[in-house]
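Subject: Handing over a structure

Hello,

Here is the structure I promised to pass on. Please open it and keep it in view while you read.

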Amino acid sequence: MTNSIFHDPKLIEEINKNSRKKTFLKDEIVVSSGSEIIFVPLVISGSIRIVRQDLDGREVFLYHLNSGQTCAMSLNCCSVKGNSMIKAISETESEILQLPANLIEEWFKYPEWRAFINNTYATRFTELLQVIDMIAFNNMDKQLLNYLSKRAEALNSKALLITHQQIADELHTQREVISRLLRTMEQKELVKLGRNIIELI
């Protein structure tokens, strides 16, 4: 897998020698909020959902990690030697390459690694600005449609097995609000609702 992301044979050798592959089941926690960062996840297959969690356990969705991508927030925690500021959840069954946190900076001697990390920061920074814009400038119906679209894209499926309460938790609102908006979206033929399933049309 690293051969499809990187081309420098020395970098590939370093990553393969020092990293560990691990498979996570759907909805399994990959990284817990507040935990010590001992590895940075590089997604080989599947998709990882990144959320921000407050002290009361409320969560807000940030972005997804797909094949060939790593987590900018985890990288940042490595650089400042802090604990995780996010929670990473396996959206589907996912295979992860666990990159050792203590080698992240050492690998900067490889230009290809440095470019990969810089590109990761740039991509995630843009996505985080989109999240901020969505929260600050758009109505909840647009936030909801964006959230559903992102999850459907990550799952490569228009059918989402998810409850209204789960959506409400990650969008920081009430379940009743989500249910009302989803019914309106169904009337507009944007979604089709079933029991714990939402299908994008």
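Below is what was found in it, region by region.

The model is predicted, so please read everything here as computed from that model.

Look next at how strand 1 meets strand 7 (residues 94-100). The two run antiparallel and are joined by five bridges. To find your place, take Lys22, which stands opposite Ile96 in strand 7.

Strand 6 covers residues 87-90.

Strand 6 pairs with strand 2 (residues 29-31) in the antiparallel sense, over two bridges. Val31 is the residue opposite Ala88 there. Strand 6 also pairs with strand 4 (residues 48-53), again antiparallel, over four bridges. In that pairing Ile48 stands opposite Ser90.

**The aromatic residues**

How many aromatic pairs does a search of the whole structure find? It finds five. Two of them involve Phe6.

One is Phe6 with Trp113. The pair is tilted, at 5.9 Å centre to centre and 45° between the planes. It links distant parts of the chain. Phe6 is in the loop between helix 1 (2-5) and helix 2 (9-18), while Trp113 is in helix 4, and 107 residues separate them. Both Phe6 and Trp113 are buried.

Another is Phe6 with Phe116. Their ring centres are 5.0 Å apart and their planes are at 75°, so this pair is edge-to-face. The cut-off for that class is an angle over 60 degrees. This pair too links distant parts of the chain: Phe116 is in helix 4, 110 residues from Phe6. Phe116 is buried, as is Phe6.

These rings belong together. Phe6, Trp107, Trp113 and Phe116 form one aromatic cluster.

**A patch on the surface**

Stay with helix 4, which spans residues 111-137. Leu129 is in this helix. Is Leu129 buried or partly exposed? It counts as partly exposed, because its relative accessibility is 39% and that class lies between 20% and 50%.

Another open sheet has three strands in the order 8-10-9, with antiparallel pairing. Strand 8 and strand 9 stand at its edges. Each has a single partner strand, so one side of each lacks a neighbour in the sheet. The twist averages 20° from one strand to the next.

Strand 9 and strand 10 pair in the antiparallel sense over four bridges. Val191 has Leu200 in strand 10 as its bridge partner.

Most residues other than glycine have a negative phi.

Asn156 has a phi near 55°, a positive value in a residue other than glycine. Where does Asn156 lie? It is in the loop between helix 5 (140-155) and strand 8 (159-161). Asn156 is exposed, with a relative accessible area of 74%.

Asn196 also has a positive phi, of about 55°, although it is not a glycine. It is found in the loop between strand 9 (191-194) and strand 10 (197-200). Its relative accessible area is 44%, so Asn196 is partly exposed.

Best wishes

Technical notes
Residues are numbered from 1 along each chain as its sequence is written. This is a predicted model: local features need pLDDT of at least 70, side-chain atom pairs count only at pLDDT 80 or more; totals for chains, interfaces and linings use all residues. Side-chain values use heavy atoms; hydrogens and water are left out. Buried means under 20% relative accessible area, exposed over 50%, partly exposed in between (1.4 Å probe, protein chains only). Two strands pair if DSSP finds at least two bridges between them. Rings of Phe, Tyr and Trp (its six-membered ring) pair if their centres lie within 6.5 Å; planes under 30 degrees apart count as stacked, over 60 as edge-to-face and the rest as tilted. Axes are lines fitted to C-alpha atoms, for helices over the stretch in contact, and angles run from 0 to 180 degrees between N-to-C directions.
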